[in-house]
Structures are given as C-alpha cells and as structure tokens.
Amino acid sequence: MGNKIRVAVIIPAYNEQASIAAVVNSVNAIQPDDMSLTPVVINDCSKDSTKQIIAGLNCVPLNLPINLGIGGAVQTGIKYAYDNGFDFAVQIDGDGQHPPEHIPDLERAMQKQGWDVAIGSRFIQNEGFQSTALRRTGIKYFQGLLKMITGVNITDPTSGMRMMNRKTMQLLYSYYPDEYPEPEALIIYNRKGLRFGEVPVQMSERMGGESSISGFGAIYYMFKVTIAIIFTYLRK
Amino acid sequence: MERVQIIAIIVSLLFLAYVLWKIKQGQLREEYAFIWILSNLALIFLSVWRNALELFAHMFGVIAPPNLLFTGAIFAILIYLLHLSLTVSKLHMQNKTLAQEIALLKEKSGNRG
C-alpha cells in the first residue's frame with residue numbers, strides 16, 4: 001500500500017440511482033498493482049435515492065445540501081482530493097459512460113508526456129459509443145473554436161473523463177465553472193500554462209438518468225459555452 | 001396646490017416612511033436603503049416644485065419634460081438592476097463555497113447524513 005499512487009475517482013451524481021452503484025463497484029473492481037483508487041461520489045442534492053445508495057457503497061460520499069450543478073459538484077470532489085493529499089484526481093460520469101478501466105491509461109500518459117491534465121477522447125480511435133450526429137456537430141464546433149483561440153487541437157472538448165495532478169487541483173480549487181465546465185476548463189488550462197493532451201478511450205451509452213443537454217437546452221449550451229470560452233480567454 | 005400634487009406628495013411620503021420603517025426593522029441594509037431614500041427625496045422634490053421638471057428639461061434641451069423624467073428614471077433603474085445582478089452573482093459564489101464546505105465537513109465528522 002505504501003508507495004502506491006493514490007487516485008481519487010470523482011463521480012458527480014445527480015439523480016443517478018439507476019447506475020451509481022454499478023459505477024462505484026466497477027471502480028472498486030479494477031484496483032491496479034501500482035494504484036489505489038478511491039471513489040468519491042458527490043451527491044448533488046439528488047431528489048431520488050442516490051444518497052441512500054451511496055451510503056452503503058465502498059466509497060467516500062459527499063452530500064451537498066443544495067444543488068450546485070455539475071461544475072460545483074466536481075469542484076467539491078477536487079477540494080476533497082486536494083485536502084486529503086491524493087496524487088491524482090480523475091473525474092468520471094455517474095451514469096456509466098466512462099469505463100474506469102481507462103484510468104491507468106490516463107495516468108500512464110500523464111507520467112510519460114509530463115502532462116498536468118489528461119482527457120479521455122472518444123474521437124481518436126473512433127471506437128465505442130460515438131454519440132449522436134447532432135452532438136458530434138456541436139463537439140466539432142467547440143473543437144474548431146478552441147483550436148482557433150488556443151491553437152491546440154482537442155478532438156473531444158466536452159469529454160468529462162479527465163485526470164489531473166495536484167498542480168491542476170490547486171488551480172481548480174479556487175475557480176471551476178458551474179455549468180457545462182468541460183470546454184471552458186480547457187481554456188483555463190491553456191491560459192495558466194498547464195500541459196494537457198488526450199488519450200483514446202471507449203465510452204458507453206449512459207446506463208440511466210438523463211442528459212443535461214437536450215432541446216432548447218442545447219441552444220443555450222452552445223451560446224453559454226461560446227461566451228464563456230471567449231471571456232475566459234480574455235480574462236487571462 | 002393641485003389635487004394630483006397633493007396625492008403625489010402623500011404617496012411619496014408614505015413610501016419614504018415605509019423605507020425608513022424597514023431600515024428600523026433591520027430588514028433593509030443601509031447600503032440599499034440609501035438609493036431608495038435618495039430617489040424618494042427626488043420624487044417629493046418634483047411633487048412639491050412642479051416647474052422643476054420643465055426647468056431641467058429646458059436646460060437639457062428636451063422638448064417634452066416627461067421624457068426627461070422617463071429617460072432618467074429608466075437609466076437609474078437599469079444601473080440599479082445591474083448592481084443587483086452583481087450582488088446576486090457574488091452571493092451565488094459565496095453560497096457555493098459554503099455548500100461545498102458543509103459537504104466536506106459532514107464527511108470529515110463522520111456524519112454522512
């Protein structure tokens with residue numbers, strides 16, 4: 001146990017009673033030789049029985065007293081990981097889209113390339129669940145926008161599967177966007193001079209719950225994130 | 001003094017009394033009360049001295065005096081709304097930090113409820 005790398009697996013959960021147990025168990029099932037994985041579930045004031053379910057699982061349950069949204073929930077996990085001396089924190093979705101088997105791949109890529117952040121991408125090998133055509137169009141748009149602003153090509157800018165070291169945790173401790181934080185966070189990394197890159201992963205279709213982005217929400221999402229990207233870039 | 005003038009003065013004074021009462025009750029912070037008292041005094045001033053509006057309109061080169069009043073009032077309201085949006089944003093940030101601290105402290109203390 002002594003010199004294993006300690007990794008906090010941050011799992012934000014809002015009304016994920018259908019899938020959260022399977023996600024936590026799948027993390028606990030893959031303890032690699034050189035790593036100890038600790039699932040940290042952030043219950044974002046769910047209205048279903050997520051709270052009761054995670055209380056009985058082998059994980060660190062963090063129950064928010066009010067609903068903060070995905071960004072605020074993930075930041076809670078980052079604060080926990082940083083305060084408790086974890087070497088790395090990796091974020092995966094609570095709906096089972098991100099297979100935890102890829103966590104060691106992310107960690108190895110970070111060590112090898114000297115990255116501060118590793119992003120799991122569906123679109124390097126184009127394997128696994130590829131999302132819908134409409135969503136891919138939106139993802140392409142953000143890819144183009146981010147490339148135009150930063151010059152960095154990120155094939156899966158909305159991917160919520162990300163691993164970070166302590167330097168990144170410390171940065172995000174003080175500021176992390178509330179809504180749809182993923183594309184905006186890339187600009188933050190870029191502006192603060194962090195090194196980041198992508199690792200090919202295969203994602204699955206969600207096991208339960210609902211996407212936070214659909215219908216008119218999608219239009220708001222595109223608008224909000226575009227504004228956020230531009231202003232985060234200008235903020236420096 | 002015309003009837004409308006008397007009504008305007010009475011309403012303005014009642015409004016002022018309400019604001020002052022709220023401050024006394026501790027339900028309105030002084031920093032916000034300031035702007036309400038100020039705009040109230042302006043209302044009373046314009047009710048008492050009815051020609052003031054015409055005088056100011058002439059000074060600014062506005063042909064119809066009520067337009068000056070509306071323009072000025074809308075501008076002041078927009079600025080105040082912006083101020084409130086800034087306040088709400090700040091409260092939102094503070095609220096978020098507090099909620100996160102609570103979740104982390106509950107876990108630390110072993111109270112996972």
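1. Buried means under 20% relative accessible area, exposed over 50%, and partly exposed in between, with a 1.4 Å probe and protein chains only. B:Trp21 is therefore partly exposed at 42% relative accessibility, and B:Tyr18 is partly exposed at 47%.

2. The model is predicted, with local features needing pLDDT of at least 70, side-chain atom pairs counting only at pLDDT 80 or more, and totals for chains, interfaces and linings using all residues. Residues are numbered from 1 along each chain as its sequence is written, chains are lettered from A and ligands numbered from 1 in the order in which they are written, and side-chain values use heavy atoms, leaving out hydrogens and water.

3. B:Tyr18 and B:Trp21 both sit in helix H1 of chain B, three residues apart, about one turn of the helix. Across all chains, the whole structure has eleven aromatic pairs (ring centres of Phe, Tyr or Trp, its six-membered ring, within 6.5 Å; planes under 30 degrees apart stacked, over 60 edge-to-face, the rest tilted). The rings of B:Tyr18 and B:Trp21 have centres 6.3 Å apart and planes at 45 degrees, so this pair is tilted.

4. In chain A, ring pairs join A:Tyr141, A:Phe142, A:Tyr180, A:Tyr220 and A:Tyr221 into a cluster.

5. Helix H1 (residues 3-25) of chain B packs with H2(B) at about 165 degrees, their axes 9 Å apart (axes are lines fitted to C-alpha atoms, for helices over the stretch in contact; angles run from 0 to 180 degrees between N-to-C directions). H1(B) is therefore roughly antiparallel to H2(B) (over 145 degrees; under 35 is roughly parallel, 65 to 115 roughly perpendicular, the rest oblique).

Key. Helices (H or I, at least four residues) and strands (E, at least two) are DSSP runs, numbered from the N terminus.
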